[in-house]
Each structure stands twice: as structure tokens, then as C-alpha cells.
Amino acid sequence: MRLLIALGGNALLKRGEPLSAQNQRQNIKTAVEQISKVTEGNELVIAHGNGPQVGLLALQGAAYTEVDTYPLDVLGAETEGMIGYIIEQELGNVLPRDSSIATLLTQVEVDRKDPAFNNPTKPIGPVYSKKEAEKLSAQKGWVVKADGQYFRRVVASPKPKKIFELKPIQWLLEKGAIVICAGGGGIPTAFDEDGCLQGVEAVIDKDLCASLLARSLECELLVIATDVAYVYTDFGTDKQRSILQAHPDALSEFDLPAGSMGPKVAAACEFARATGNTAIIGSLTNIGQTLEGGGGTRVSMEYEGLTYAAVSPKNTE
């Protein structure tokens, strides 16, 4: 079947972990070991997040004061190349040598009038304590918001409208290649008054873009891999419960954080409603098991309401 696996930025770089190249490569090794289990006989597309990475590049760029800091669309393109390169290389190291793997820079259209520009919600960069975040906000003019027990810089995250490189992605899939694309939600772009395509200062949500891409490619399955095993109710409390199966309407009733689980649930529900196919939200470390029915929250129009696990211990990740 044709499936799309969307790897979360925090799954590729764990919360609170130093943003080193070695840490990212090690986490990607863990990811591709799981992904390699589902490549045979399938047409596979891999998307990925870039929140920690694009934020790091922004910080590094700000340290060099001879020129203005590069805009977020350019940093997004850089992270697509960087992360795609590591995924491509590490996946190639575990698959047969004659496997075809391609990383494709992907431009995604957004609306310059999207209300998201008035309410930044997309976390980028490392996590900070509340004191550190408030200091950086005052110094740099950042908008910062809570991300679990930490705080992070947030930027505008407009909705994706169109993926410009859709045809080349289809061509590569038809030739048997594994395609890595739409990294970090793709490169945010919009047409100006003269009809020219230009970069936009934003970061598109990876999960919403992955859903759009999966629908556009007529994928049979969308897998959103993150750093938790399920979608939970009362997350992080003693009342926490794991959701095993969900109808999109029932799952959409929950008010989930805009910077983390909210877009994942929205993307999964959007895909399930539009295609009639199944979306799964689950742990990066159990992708193979998840695809075999052994984990993750499954979202489908075929389910009624919500089905919970019998016991759901408090998450400690």
C-alpha cells in the first residue's frame, strides 16, 4: 500500500536533549530501524518535523551580526536538506544497497492573510525554563509559550494550501523510490501582488502538511509518529487514559495543545474524514508494531465514539 509516515521534530530530538548533530543522528537511526520494517511491498513517503532544528539555526544565525538573520523559509529549506540527508543516509544503511531513496525540497503555499500570523503557536528551537524564556522574550521580542513543563519560542503557523512538488513526488514513487519530503511542513511560500512566488516568515505545521500530502497522494494510511504511545485524555495526570480507537468527530471534541498534540489530532481527523482511510498517532519507537495493530491511537470513520485501553499508566517520557 501507499503510506506516509510523519516523524515528529521532538521524536527526532527528545525534549530537553542537547541539539547536537550526533544526538539527532542517533535518534534518526532509531527511527529508520523501525521504518525499515515496513518498506517491503509498500510505497513509502516520509515527512518530518523541524521545530527544534529550525530554531537552532535561527539562534546560530542571530549570533553572527554582520548580516541580518536568514528568514524562516530559508532556514526551513536548510533543515529539509539537513534532516533529509541524515534520514536518507541512515535508511540506506539498513536497506538493501540497491534501494532508491530521494530527498525533495518541498514548497508549500500558504495564505498571507491566514489568521495564524496574528496568533503564533508553532514551537521552534530548544526548551527553556520560564525564567530563561521570559528573559529571551524581553531581549529578542519573541513570543514564548508553555510546552509541557518547559517554554519555547513560538512563530506563526499558517495552514498549508498546496504542495507545489506533488508531481515529482508521484513520479519518484511510481519508479519505486522512498521519498523524503515536506520536511518541517515544507517551505512556506505565497504569491505576491505580481504573481511571483516568495518565501514567508512562518513555519507550517508538519502534521497538517503531512495530512494534505497524504490526501493529495491518495495514501491508504497516514502514520503520525511522535514521542508518546497514544493520544491521551487528562494527559500527565493520575486520570490519564489511552485512546485506542476513535471516530474523528469524537476525537475532535477534545481541546488539545495547539503546539503539540492538537495539530496531530486535527491532521489525523482531516485525513480520515477526507479519504475514509485510517490514520494512526503513536510512538516513533514502535512503528513496525503499530502498523501490525499493536499500538497507537487509530482514527477512522468506521469506529464509533472512543475506545480506551483498560489501564493507562501515567506517561513519564
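Here are some questions and answers about helix packing and aromatic pairs in this predicted model.

Residues are numbered from 1 along each chain as its sequence is written, and side-chain values use heavy atoms, with hydrogens and water left out. As the model is predicted, local features need pLDDT of at least 70 and side-chain atom pairs count only at pLDDT 80 or more, while totals for chains, interfaces and linings use all residues.

Me: Are α7 and α9 roughly parallel or oblique to each other?
Reply: Helices here are DSSP runs of H or I with at least four residues, and strands are runs of E with at least two, numbered from the N terminus. The axes of α7 (residues 206-216) and α9 (residues 261-275) come within 8 Å and cross at roughly 15°; axes are lines fitted to C-alpha atoms, for helices over the stretch in contact, and angles run from 0 to 180 degrees between N-to-C directions. Angles under 35 degrees count as roughly parallel, over 145 as roughly antiparallel, 65 to 115 as roughly perpendicular and the rest as oblique. So α7 and α9 are roughly parallel.

Me: How do α3 and α4 lie relative to each other?
Reply: Take α3 (residues 51-62) and α4 (residues 72-94): their axes come within 9 Å and cross at roughly 120°. The two helices are therefore oblique.

Me: Which residues of α3 make the contact with α4?
Reply: Contact means heavy atoms within 4.5 Å. On the α4 side, the contact is made by L72, L75, G76, E78, T79, M82 and I83. From α3 come Q53, V54, L57 and A58.

Me: What kind of aromatic pair do F164 and F191 form?
Reply: Rings of Phe, Tyr and Trp (its six-membered ring) pair if their centres lie within 6.5 Å; planes under 30 degrees apart count as stacked, over 60 as edge-to-face and the rest as tilted. For F164 and F191, it's 5.9 Å centre to centre and 85° between the planes, so the pair is edge-to-face.

Me: How many residues apart in sequence are the parts that F164 and F191 tie together?
Reply: F164 sits in the loop between β8 (162-163) and α6 (166-174). F191 belongs to strand β10 (residues 187-191), so the pair ties together parts whose separation in sequence is 27 residues.

Me: Is Y232 buried or exposed?
Reply: Buried means under 20% relative accessible area, exposed over 50%, and partly exposed in between (1.4 Å probe, protein chains only). With a relative accessible area of 10%, Y232 is buried.

Me: Which residues form one aromatic cluster?
Reply: Y230 and Y232 make an edge-to-face pair, 6.3 Å centre to centre with 80° between the planes. The cluster is formed by Y230, Y232 and F235.
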